[in-house]
Amino acid sequence: LRLERELRLALQNHEFELYYQTQLDMQTGRVVGIEALLRWNHPERGLVPPNEFIPAAEDSGLIVPIGQWVLRAACQQAKNLYKAQFKHVKVSINVSARQLSDRDFVSDFKAVVRDTGVEPEQLVLEVTESTLMADTQVALAHLHALRTLGVGLAIDDFGTGYSSLSYLKRLPVTCLKVDRSFVQHLPADDEDRAITTLIVAMANSLNYRVVVEGVETEPQWAFLRECGCHFGQGYYFSYPVPVEQLMVGLLEAQ
Ligand code: G
Ligand code: G
Ligand code: MN
Ligand code: NA
């Protein structure tokens, strides 16, 4: 309850900040996207990572207004990238189940698009498998409505849920994000090599993008490139960083 009150205050006091982590084309090294990752600048505790407050935000329903703030800030950033000649850089935004099934999700989304002037094609929503397990007709309808606007849909932490593949048929998926637990022990682990190769092949034949998460070493990168995986994200390429640092990095890489 105390955390809930603190989160409410944090919104009022502008204590939230988005960090961004780049997603790269692993063949060319070009940045093709960034993922927005929420941080809480707590006056006493310093930078608080999302796993320490998102669960409480979800339970209390505060994830809805917090998520609206995230969406607005990330769309503003997408628009800034567009104006700075980085219109090919997509901006990924994490969305939880509670937000997705909120009645006003689509109308709020459209209002943010209108206010910021962002191109919906530049945006990707990241939804976890567990979110989709809890799927309601409302959430499903919302995802289809956003896809119609041009927004991409990525399945986050792919492979870690119950992995019924049936939701791939029901949902307008454009991208799979291979969970980092499958990448951690690459390239040595036989099972993980087989699993990542299989997910990449499946995604390629479904015409989805694949982004492999948690790439931390050169040998992991080399293996993934060779198995036909185009896109990667991880500490080997870049940590999540504040927006100023992101822009410096993008301009230097040009
Ligand atoms: O940022 P970190 O690197 O610690 O992220 C941890 C988890 O928090 C991620 O798996 C992500 O799904 C979740 N997360 C990060 N930012 C957001 C956000 O803006 N909204 C929601 N709903 N989840 C987020
Ligand atoms: O939304 P998602 O669960 O994908 O959130 C990404 C999380 O993974 C964030 O907490 C981010 O800080 C973290 N992360 C990003 N790159 C790496 C990496 O290379 N290794 C590890 N261990 N974590 C990473
Ligand atoms: Mn994510
Ligand atoms: Na993930």
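Biologist: Does H14 count as buried or exposed?

Modeller: H14 counts as exposed, because it has 9 C-beta neighbours inside 10 Å. The scale calls a residue buried if 20 or more other C-beta atoms lie within 10 Å of its own, exposed if 12 or fewer, and partly exposed in between, with C-beta atoms placed from the backbone. Please keep in mind that this is a predicted model, in which local features need pLDDT of at least 70 and side-chain atom pairs count only at pLDDT 80 or more, while totals for chains, interfaces and linings use all residues. Residues are numbered from 1 along each chain as its sequence is written, and chains are lettered from A and ligands numbered from 1 in the order in which they are written.

H14 sits in the loop between helix 1 (2-12) and strand 1. Helices (H or I, at least four residues) and strands (E, at least two) are DSSP runs, numbered from the N terminus. The backbone of H14 deserves a look too: its phi is near 55 degrees, a positive value in a residue other than glycine. Most residues other than glycine have a negative phi, and most peptide bonds are trans.

Q85 also has a positive phi, of about 70 degrees, although it is not a glycine. Q85 belongs to the loop between helix 3 and strand 4 (90-94), and it is exposed, with 11 other C-beta atoms within 10 Å. As for the peptide bonds, a cis one joins L186 and P187, with omega about -5 degrees. P187 is found in the loop between strand 7 (175-178) and helix 9 (190-205).

T28 counts as exposed because it has 9 C-beta neighbours inside 10 Å.

V70 leads us into helix 3 (63-83), which has 21 residues and reaches 30 Å from its first C-alpha to its last. That is close to the 30 Å expected at 1.5 Å a residue, where the expected span is 1.5 Å times one less than the number of residues. The buried residues of helix 3 are I63, I66, G67, V70, L71, A74, C75, Q77, A78 and L81. They cover an arc of only 165 degrees around the axis (taken from the directions from the helix axis to the C-beta atoms), so they lie on the same side of helix 3. An α-helix has 3.6 residues a turn, so residues three or four places apart point the same way.

G67 and V70 are also among the residues around ligand 1, where a residue is near a molecule if its C-beta atom, placed from the backbone, lies within 6 Å of it. Strand 2 and helix 3 each supply at least two residues of that shell. By class, it has eight nonpolar, four polar and no charged residues. Here Ala, Val, Leu, Ile, Met, Phe, Trp, Tyr, Cys and Pro count as nonpolar, Asp, Glu, Lys and Arg as charged, and the others, Gly among them, as polar. The shell around ligand 2 has four nonpolar, five polar and six charged residues.
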